[in-house]
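Please read the following note beside the model.

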Amino acid sequence: MAASVSTALDFHFTITHSSDTKKPFLFSLPPRQQSTKRFTILCKSSTNTKSSPDVATDAEAGPLPQNPSLSDQLKPLSLNLLSKTKENQQPQLHSKPNSTWVNPSRPKRSVLSLQRHKRSSRSYNPQLRDLKLFSQKLNDCEPSEIALSAALQEIPHPPTRDNALLILNRLKPWQKTLFFFNWLKTQNLFPLETIFYNVTMKSLRFGREYQLIEDLSREMIDTGVELDNITYSTIISCAKRCNLLDKAVEWFERMYKTGLMPDEITYSAVLDVYAKLEKVEEVLTLYERGRASGWKPDPVAFCVLGRMFGEAGDYDGIRYVLQEMKSVGVEPNLVVYNTLLEAMGKAGKPGLARSLFEEMVASGLTPTEKTLTALVKIYGKARWSRDALQLWESMRSNKWPMDFILYNTLLSMCADLGLEEEAEKLFDDMKQSEECRPDSWSYTAMLNVYGSGGKVEKAMELFEEMPESGVELNVMGCTCLIQCLGRARKIDDLVRVFSVSIKRGIVPDDRLCGCLLSVLSLCEEGEEVDKVFACLEKANPKLVSFVKLLGHGEASFDKIKEELRLILNETVVEARRPFVNCLIDVCRSRNIPERAHELLYLGTLYGLYPGLHNKTAQEWSLNLRSLSVGAAYTAFEEWMGAVSKVVERQEALPELFSAHTGAGTHKFAQGLANEFGSHLKELAAPFKQSEEKAGCYVATREDLISWFQSRVPSVAC
DNA sequence: ATAGGGTTAG
């Protein structure tokens, strides 16, 4: 029974398996061939594109209003061709042999300028020292208008263009930059050219002041100050940091419409915008279109691609990036390696991450804290204890750099791998150190270590120690501790920890509620259940009413369905399946299996159990890997019920039946395989543990049929 | 941070 908590609540486990739903790589053609095709399609489509209907109306739009926006050029592609598979593309190309691309007389329209924006050469300024000191004085000055105005009176040299620029460049935070910029405007000493706007915008970007940046750009447009590539890339990257991706696209479009060609910096900033929008197709089209324009992408562009494929869990995409780097002749730098390592982790390829890391070290690069953090995380999540420990050893013997993020990641890895002693050692190291003192994340990781290992006393000691060390508890630490106390059935301690946590400012989230729900399924009805209810009532009263509703025999299925829908809609996506898993466990522990079946059905209806069943002509299988123990039993009963109906109707059945619980790579979450195995024995079901695959139970059709006959003789006739 | 783009913990 103890295992049901960890199975139902092992969010890492859930997240690992959610990669099943990730989009497959859409281009399975080899890269070279693919690129030719894509480009072919693009050229054809761009010549067919009508001029842009929405001509820009502002001051800058004058000279080149006929430029179609890039997205207009891309639209027909993404709508008509790119979403189709290669099988669909193939005949289309061959059926139109007269496509324009064949005609070499028509030059391809370039999409980016291969020349970077030229910077004005800075000449030596003999007043540099004074001006630096003056900037510093402004930076240290009280941020009020009066104080700043007073300080400006003491400017050591006349604010010529170059002097003013020098000061503007050194001011922070953005309020002071903007103040100085506006002051310059009122002085009317010289016209404020593009560079003054650009420098001010850069400072505003540090403060993520997108609206102010946009106001400044509008001002530029209104007063006829030219917007250049630096202006646009600053606006676009600020919009991106403020998560205003549509704004970023909008400004990029505007740039094309006004006839300004992006250079490679703006171009890769925009690639990143489309990547963040998860528009993989558009990114690749832009990338290859840029390549066809003669662009030699630099490491930054490859980082953008790599991260995008990592987010999509797309290993083929990552391989494509590596191949492209090779064919373009770009050596990956540290940032590229770090990005690709992380991407490999997200794509679920720990082995390839390891080889990439080895390649990186062999190439003479020294891993940074970030490299090691990425790798440690990958090994921990993959439960690769041996590699994790080896890496740790090399970190020490090579004296590779450590920071406190890496320390905390190592601690989390220890929690993932169940390395209690190592975690304790690390934690002590951190306490001894000056610059890596344990913070709330370190404590959370330790609570996770002790919590997963069932070390209640040690976990409680940490909990008491935290306020003494001045470290605040966070909701994840609270969840780990409550889970641990619940498994140990220390309900009174649990209640105390919960209420103290609330007093310490913890705001319960859905994961904590899921944890309380799972504890509920372990409790005896009566006093214990009431105590947990009281906690859950404070965190999520609707869940309490729903659990009570489940026990009302007269509550209709439609009522349950509607109430569950309302609850799930208010629950974060990653906690929905754990919720239903726990609710099913609660129903089973209260001996209302009909409700458990209803909930499993509803969970399936609401898409929480995708791929539960798999059928081929040879084998039917049941995938229980993301289910709690109670949900797994329920799903198995449901499955057997359905199969026995097929038997009754004498319809075709496959040779083999298999149920997969997964081996449970987590040291503390191996419950499901074992519990399910013993459950099968109790039922005398003919499923046998597969010899080649752990966590896989197999039965033959004949055995299953005779089991049905022995179990329900009345139906068997 | 010296007018612009990329990596950064659960």
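The points below cover the basis of the model, the DNA surface, the annotated repeats, the sheet, the cysteines and some backbone details.

1. Basis. This is a predicted model, in which local features need pLDDT of at least 70 and side-chain atom pairs count only at pLDDT 80 or more, whereas totals for chains, interfaces and linings use all residues. Residues are numbered from 1 along each chain as its sequence is written, chains are lettered from A and ligands numbered from 1 in the order in which they are written, and side-chain values use heavy atoms, with hydrogens and water left out.

2. Surroundings of the DNA. DNA strand B is surrounded by 49 residues, of which K172, K202, R205, D298 and K370 are the closest. Of the atoms of DNA strand B that come within 4 Å of the protein, 41% belong to sugar and phosphate. A residue is counted as near the strand if one of its heavy atoms lies within 4 Å of it. By class, this surface has 20 charged, 17 polar and twelve nonpolar residues. In this classification Asp, Glu, Lys and Arg are charged; Ala, Val, Leu, Ile, Met, Phe, Trp, Tyr, Cys and Pro are nonpolar; and the others, Gly among them, are polar.

3. Helices at the DNA. Which helix gives the most to the surface near DNA strand B? It is α12, with seven residues. Helices that each supply at least two residues include α8 (161-170), α12 (229-241), α14 (264-276) and α20 (369-381). Helices (H or I, at least four residues) and strands (E, at least two) are DSSP runs, numbered from the N terminus.

4. Polar contacts with the DNA. A polar contact is a pair of N or O atoms within 3.5 Å; within protein, one must be able to donate a hydrogen and the other to accept it, and residues adjacent in sequence count only if both atoms are side-chain atoms. For T266, a polar side-chain atom is 2.9 Å from a base nitrogen of DNA strand B.

5. Residues 263-297 are 74% helix and 0% strand, with end C-alpha atoms 11 Å apart. Residues 474-508 are 74% helix and 0% strand, and their end C-alpha atoms lie 10 Å apart.

6. The sheet. Five strands form an open sheet with mixed pairing, in the order β1-β2-β3-β5-β4. Its edge strands, β1 (613-615) and β4 (688-689), each pair on one side only. Two strands pair if DSSP finds at least two bridges between them. Strand β3 (residues 656-660) pairs with β5 (residues 696-700) in the antiparallel sense over five bridges, and with β2 (residues 619-623) in the parallel sense, also over five bridges. A659 in β3 stands opposite Y697 in β5 and opposite L622. Because four of its five residues are buried, β3 is largely enclosed by the rest of the structure. Buried means under 20% relative accessible area, exposed over 50%, and partly exposed in between (1.4 Å probe, protein chains only).

7. Cysteines. A search of the whole structure finds zero disulfides, a disulfide being a pair of cysteine sulfur atoms within 2.5 Å. For C513, the nearest cysteine sulfur is that of C515, 9.6 Å away. C513 is buried at 2% relative accessibility, as is C515 at 0%.

8. Backbone details. Most residues other than glycine have a negative phi, and most peptide bonds are trans. The peptide bond from K172 to P173 is cis, with omega near -5°; P173 is placed in the loop between α8 and α9 (174-187). R383 has a positive phi near 55° and is buried, with a relative accessible area of 12%. R489 also has a positive phi, of about 55°; R489 is partly exposed at 36% and lies in the loop between α26 (475-487) and α27 (491-503).
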